[in-house]
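Please look over the sequence and structure shown below before reading the notes on local geometry.

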Amino acid sequence: MRSAPNDDNWVVAELSDGVVQTVTYEVVALAGNVARATGGKISVVVVGHPARPMAEQMAETTGFETIGLDAEAASCYSGETYRHLINRLAVPHPPRFLFIPHTTNGWDLAPGLAVDFGASS
C-alpha cells in the first residue's frame, strides 16, 4: 500500500549509453521552479547500471540530492524495469510531483507510473 505523498519532487533522469541527457537538466530547472512555488525538495532519480557514477554526476552538476537505482537489468532502458524500480522506491514515500522528460522513453514510462501512483484518472 502506498502512503500519502510527501513534499518531495522527483525528476527521472534520461540516460543514453550511460550519459545523462540534456533534457534532464531542462526538467530539473522546471522542477526547481515548481519546488520554489509549492515547497518541498528536489531529488533526481537515476536508474541504470552502474547508477552511482551518473547519480554522482547529477548531484555535482545540479546540487540536488540524487537517488541511484542500480540494477543490471537497467543497463539499457526498459520501461518495465524502470517502472518496477521507481515503484519500489515510491511505496514508502511517494513524491508529490514526478517529472519525466518528454521523450520516447518518457512517453513509455510515464503512463504506467501515472496508473501506479493513482494519478491517471
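This is a predicted model: local features need pLDDT of at least 70, side-chain atom pairs count only at pLDDT 80 or more; totals for chains, interfaces and linings use all residues.

Residues are numbered from 1 along each chain as its sequence is written, and side-chain values use heavy atoms, with hydrogens and water left out.

Searching the whole structure gives 2 aromatic pairs. Rings of Phe, Tyr and Trp (its six-membered ring) pair if their centres lie within 6.5 Å; planes under 30 degrees apart are stacked, over 60 edge-to-face, and the rest tilted.

| Pair | Centre to centre | Angle between planes | Class |
|---|---|---|---|
| Y77 and Y82 | 4.8 Å | 65° | edge-to-face |
| F97 and F99 | 6.2 Å | 45° | tilted |

Buried means under 20% relative accessible area, exposed over 50%, and partly exposed in between (1.4 Å probe, protein chains only). Y77 is partly exposed because its relative accessibility is 26%, while Y82, at 5%, is buried. In the other pair, F97 has 33% relative accessibility and so counts as partly exposed; F99 has 11% and counts as buried.

Two backbone features remain. The peptide bond from H49 to P50 is cis, its omega being near -5°. P50 sits in the loop between β4 (42-48) and α2 (52-62). Helices (H or I, at least four residues) and strands (E, at least two) are DSSP runs, numbered from the N terminus.

D17 is not a glycine, yet its phi is positive, about 50°. This residue, D17, lies in the loop between β2 (15-16) and β3 (19-20). D17 counts as exposed because its relative accessibility is 81%.
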